[in-house]
Each structure stands twice: as C-alpha cells, then as structure tokens.
Amino acid sequence: MDTATSDSDMGSVESSCHCQEGWLSPRMKFILSTTAAVASDLIIDTGEMAEELGHVGGVYLAEHIPGDQLPRGKKSVVSWIEGFAAIFGVIHDMFEAEKIPVADALELALSQLPKNKQKLIKAYGKNGAEVDSVLEALVHGAKEEWEENEFEATHCYDNEWDALPKCAEHDLNWTLAEDMLAG
Ligand SMILES: [Zn+2]
C-alpha cells in the first residue's frame, strides 16, 4: 500500500515498503504460508505412530509446544495431532486469503470452523496448549528450515519465488514476525 502523501524532504531515508500491514513482506508471507501448508500434512504423517507410542514426541513442530501442555493418553494424542495440524491448515488458508493470522484473528477463524473441526481444536487445547504456541512453532519451524537451506532448496527454485518483491527491512525478520503474529 502506498502512502500517497509525504512531507519528507528530498534525500530523506526511503522507508516505505509494500509490505502488508507494514511488516509482512511478500517473501515472508510465502515462507510462512508454505511452511503452514507443509506442517499441516507433515504433522499427520509424523503422527502416525503416536497412538501406539502414546506421546507426540517426533511429531513435526510439536517440540515447540511447552511440554506440560502436551496430551497424555493414546486417544488424546490422536485428536491433539489432528487439531494441531488443523490449526496450521487454517493459518495457511488465512495467508492465502490475504489475511494475516495474528493470534486474535486466528482464534476468531478457529471459532468459526464447523463443529467437527472445532472438536479437534478443543482437543489441541485440552491441556492448556495455546494458539499462540502454534504461531511460535510456525515461525521457529520456518526459521530453522530456512537457516538449514532446506526451504530454499525445496520451495524457491522457480519463477514464483524470483518474482516476489524483496524488502530489505522485513524479509527474514523472524523476531518481528513472531512478535506480530503471536504477540
Ligand atoms: Zn517491508
């Protein structure tokens, strides 16, 4: 979005960018949205053994959720995993709909899901796990994959990525993203 009026004098620092809400750059959005989509699948895949094991150790990104908020018991484990995955799915959908899934907006979106999905979201939060933690897990997971060069190698090989405008201030600003999303 352009701010049309400017009283800045010539030679002042160019600080306006085209980032959504002044912070979400096109590249950060791509990274976070893609990570959310991947997570919603990978959580289910890595959770297949969880019921047998009776815990969510090894479930993708579950290590970012505080241990005392994780489910106990075989049945709880399965619905927790489905809920955790479903929240990432909603995060992805919001990014794709040009909405930013900040904690409040995400909670509102989750509260509007169909009843059967809401059951899963409740199962995720049964031991006190918060929606904020999912957003933190998203940013941490994205940062890790990026820093290990996993993300670029897997998702940034085509013209879609190259065509995304860069923002020197906001691209890869993980701390800012976490603050803005999870608060
Ligand atoms: Zn920017």
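Which hand does the crossing of α3 and α4 have, left-handed or right-handed? I looked this up first, keeping in mind that the model is predicted. The crossing of α3 and α4 turns out to be right-handed.

**Entry: the α3 and α4 pair.** I found an angle of about 110 degrees between α3 and α4, with their axes 10 Å apart. Angles of 65 to 115 degrees count as roughly perpendicular, so α3 and α4 fall under that heading. Next I listed who meets whom: α3 brings Ile87, Val90, Ile91 and Met94, and α4 answers with Leu106, Ala109 and Leu110. I sorted the residues of this contact and got 7 nonpolar, no polar and no charged.

**Entry: the whole chain.** I stepped back and counted 9 helices and 0 strands in the protein. The C-alpha trace spans about 65 × 35 × 25 Å along its principal axes. Of the 183 residues, 32% are buried. I also checked contacts between residues at least 6 apart in sequence, and 74% of them join residues at least 24 apart.

**Entry: the core.** I then opened the largest nonpolar core, which holds 46 residues. Ile43, Ile81, Phe84, Ile87 and Leu138 touch the most other members. Helices that each supply at least two residues of this core include α1 (26-46), α6 (131-147) and α9 (174-182). The most comes from α3, with 11 residues.

**Entry: Ile43.** What does Ile43 contact, once neighbours within four places in sequence are left aside? I read off Val59, Tyr60 and Leu61, together with Ile81, Phe84, Ala85 and Phe88.

Notes. Residues numbered from 1 in each chain as written. Predicted model: local features only at pLDDT ≥ 70, side-chain atom pairs only at ≥ 80, totals over all residues. Core = buried A, V, L, I, M, F, W, Y, C linked by C-beta atoms within 7 Å. Buried ≥ 20, exposed ≤ 12 C-beta atoms within 10 Å, placed from the backbone. Helix = DSSP H or I, 4+ residues; strand = E, 2+ residues; numbered from the N terminus. Contact = placed C-beta atoms within 7 Å. Axes fitted to C-alpha atoms, helices over the stretch in contact; angles between N-to-C directions. Parallel < 35°, antiparallel > 145°, perpendicular 65-115°, else oblique. Left-handed = near helix turned anticlockwise from the far one by under 90°. Nonpolar A, V, L, I, M, F, W, Y, C, P; charged D, E, K, R; others polar.
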